[in-house]
Amino acid sequence: MVPIVFVIAAVVAVVFAIITVAHSSPVINVLSLVVVFFAMAAIFALLGMDFLAAVQIIVYAGAIMVLFLFVIMLLNIRSVERLGSGRRVQALLGTVVAVGVGAVPLIAISLLTPATGAVYPGALETGTVVPIGRALLTTHLFAFEFITLLLVAAIVGAVYLARREPR
Amino acid sequence: MWVEVLVIGIKLAAVLAALLTTVPIMVWVERRASALMQDRLGPNRVGPFGLFQPVVDAVKLITKEDLIPSNVSRFLYLLAPAMALTVALSTFIAVPFGDGSDLELFGHPVRGFIVAPDLNIGILYIFAISSLAVYATVLAGWSSNNKYSMLGGIRASAQTISYELAMTISVVGVLMASGSLHLHQVVESQAGTWLGVLPRWHVCTQILGALTFVVAAFAETNRVPFDLPEAEAELVSGYMTEYSSMKYAAFFMGEYVHMTVSSALIVTMFFGGWTLPWIDLPFSGWLGGLLSIAIFVAKVAFFLFFFVWVRWTLPRFRFDQLMALGWKVMVPLAVLNFLWVGIAMAAGIL
Amino acid sequence: MNAILIPHTWVLALSAALFTIGTLGVLLRRNGIAIFLSLELMLNSANLAFVAFAMTFAAQPGAAVSALEGQLFVFFVIAVAAAEAAVGLALYIALHRVKGAIDVDRVNILRW
């Protein structure tokens with residue numbers, strides 16, 4: 001049975017990723033990236049990882065993209081250039097590099113045996129909050145605390161970098 | 001498999017119908033209750049006690065001319081009210097509105113009066129979807145190409161993201177006390193009594209968290225005393241200035257639906273959901289299920305009236321006071337509540 | 001409902017496609033915000049790859065720990081991406097204040 005939900009989510013992700021990269025208006029780019037994040041959250045949920053799907057929406061679509069929107073509105077960024085309107089040689093070389101970079105994993109994937117990871121309706125046993133929370137606070141406690149420090153450093157850094165010079 | 005889809009479809013239709021019917025009822029309650037609180041009568045000409053006033057208002061809004069100003073960014077301008085309404089409605093699928101764990105419909109177990117019974121990340125889903133409400137306000141303000149709308153939109157979204165933090169931290173206490181993210185478990189953990197005499201509702205065991213959540217709910221739905229983004233005396237109508245007829249109606253419906261969902265969340269997480277305070281009813285069969293729904297609806301109705309009551313009693317905050325309250329008072333209070341729950345659970349009091 | 005079989009190669013192929021599109025965006029766009037968005041797209045494609053492998057390990061009994069660690073890594077990548085987005089956008093604000101634009105063609109010398 002063809003996993004129809006996965007195919008729809010994948011097609012939506014690719015189409016809106018292309019719009020993110022190619023459209024000229026920054027606000028449309030941000031909104032289409034939000035749709036890509038939704039598609040990816042749908043794929044995470046389909047693979048049984050409920051907590052990751054929720055975290056993806058809360059953090060990426062609900063916080064980081066809002067930050068992008070605020071900065072676009074603050075700086076009044078209106079883009080009129082479109083994809084590939086720069087110098088021709090640079091555009092051609094960039095395309096070649098990007099396709100090359102994408103071809104490497106594709107070749108690697110084609111060499112893998114297509115082991116079907118079975119996807120069960122409902123969450124994986126390790127996909128709910130309890131095992132993830134337990135692992136974060138016991139086995140990976142150092143990484144968790146360090147991420148806290150990193151986020152504090154990011155907040156302080158962002159506030160410092162964006163402040164106005166006192167006159 | 002199709003029976004399962006049909007059962008979910010019936011639950012979904014019932015929830016949608018109930019939520020959308022609440023909007024005209026709330027319009028009437030708001031106008032009548034505010035009038036009686038202000039010592040005047042309110043709508044009393046269209047039907048007995050003015051009960052058909054919302055219907056007349058809806059007809060007026062539908063038949064109004066649908067203007068789209070020429071300077072707006074069309075796509076975003078049309079997207080914003082749709083998003084406001086959709087996001088508010090989508091939140092409700094994780095909220096249990098009754099106790100129907102042992103009922104069967106067409107031979108298939110109903111699995112509780114909740115539209116998505118398998119969603120074991122209930123509360124996280126609600127936060128995920130309600131964090132998308134920021135987009136509606138900020139896009140409405142931005143696309144309207146108008147100073148007042150822009151300011152209103154930025155203020156509304158800054159307010160929303162600040163109070164989202166306090167709301168989330170205050171719910172963590174509830175999660176710790178109930179041990180699960182699924183809202184059905186949260187309601188079931190509030191059965192029984194605490195210290196022998198109080199019902200074990202989380203409003204009694206975690207009063208700070210309850211207060212913080214209620215205040216944050218007021219701020220999230222842009223209701224007075226936090227409604228500066230749409231204050232009529234200050235910003236014309238804030239981010240809704242350039243909207244008319246059905247798009248304006250969509251924003252208002254979104255606001256009332258968001259209010260209803262917030263009341264439902266307050267009731268579920270802090271006031272025991274569908275259970276009665278000291279009495280322990282069994283809620284078996286269809287009659288018990290309908291009784292539990294009736295109790296839930298009564299509690300939600302009380303909180304909706306509370307929203308209206310506070311609106312017409314308190315003056316509104318200035319924007320800097322609002323942001324200072326959110327960051328300097330609400331977040332520390334929520335963290336204090338979280339500490340209290342942890343200490344109480346470790347000491348065995350909770 | 002029976003189990004739906006999604007071959008992990010499909011998820012990896014989607015991840016590679018998104019990575020390619022992101023790289024195209026980073027290399028070919030000149031607007032700073034668009035470059036940053038393409039970068040976020042690349043990070044997300046890496047997350048998808050982690051999730052694909054976590055899924056295959058979860059399907060094998062006895063390798064549940066690897067599935068868990070795959071998801072934890074995605075969690076940390078999301079947190080790091082959030083921190084990076086905050087600092088990067090603050091840098092853009094500071095840059096805009098000095099240069100007046102965040103077009104990479106206009107911000108291409110170190111000394112201004």
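Residues are numbered from 1 along each chain as written, chains are lettered from A and ligands numbered from 1 in the order of writing. Because this is a prediction, local features need pLDDT of at least 70 and side-chain atom pairs count only at pLDDT 80 or more, while totals for chains, interfaces and linings use all residues.

**Exercise 1. Describe the overall build of chain B.**

Step 1: Start with the elements. Chain B has 12 helices and 4 strands (DSSP runs numbered from the N terminus, H or I of at least four residues for helices, E of at least two for strands).

Step 2: Look at the overall form. The radius of gyration is 21 Å, close to the 20 Å of the globule rule for 350 residues, so chain B is as compact as a globular protein of that length. The radius is taken over C-alpha atoms, and the rule is 2.2 Å times the number of residues to the power 0.38. Along the principal axes, the C-alpha atoms fill a box of roughly 60 × 50 × 45 Å.

Step 3: Turn to the inside. In chain B, 47% of the 350 residues count as buried (20 or more other C-beta atoms within 10 Å of the residue's own, with C-beta atoms placed from the backbone; 12 or fewer is exposed, in between is partly exposed).

**Exercise 2. Work out where Leu69(A) sits and what it touches.**

Step 1: Chain A holds 6 helices and 1 strand, in the order α-α-α-α-β-α-α from the N terminus.

Step 2: Leu69(A) belongs to helix H3 of chain A, and it counts as buried because it has 22 C-beta neighbours inside 10 Å.

Step 3: List the contacts. Leaving out residues up to four places away in sequence, Leu69(A) touches Val27(A), Val30(A) and Val138(B) (contact means C-beta atoms, placed from the backbone, within 7 Å). Val27(A) is 42 residues away from Leu69(A) along the chain, yet their C-alpha atoms are separated by 6.8 Å.

**Exercise 3. Find how H6(B) and H9(B) pack.**

Step 1: Two packed helices are described by the angle between their axes and the distance between the axes.

Step 2: Read off both values. Helix H6 (residues 147-178) and helix H9 (residues 207-220) of chain B pack at about 150°, with axes 8 Å apart. Axes are lines fitted to C-alpha atoms, for helices over the stretch in contact, and angles run from 0 to 180 degrees between N-to-C directions.

Step 3: Name the arrangement. That angle makes H6(B) roughly antiparallel to H9(B) (over 145 degrees; under 35 is roughly parallel, 65 to 115 roughly perpendicular, the rest oblique).

Step 4: Check the residues. Among those in the contact are Tyr163(B) and Met167(B) of H6(B), and Phe213(B) and Ala216(B) of H9(B). By class there are 8 nonpolar, 6 polar and 2 charged residues (Ala, Val, Leu, Ile, Met, Phe, Trp, Tyr, Cys and Pro are nonpolar, Asp, Glu, Lys and Arg charged, the others, Gly among them, polar).

**Exercise 4. Explore how chain A meets chain C.**

Step 1: Count both sides. The contact takes 77 residues from chain A and 63 residues from chain C.

Step 2: Sort the chain A side. H3(A) gives the largest share, 13 residues. The residues on this side divide into 60 nonpolar, 15 polar and 2 charged.

Step 3: Zoom in on one helix pair. H2(A) and helix H2 (residues 32-59) of chain C pack at about 5°, with axes 10 Å apart, and are therefore roughly parallel to each other. This contact includes Leu33(A) and Leu41(C).

Notes: Two residues are in contact if their C-beta atoms, placed from the backbone, lie within 7 Å.
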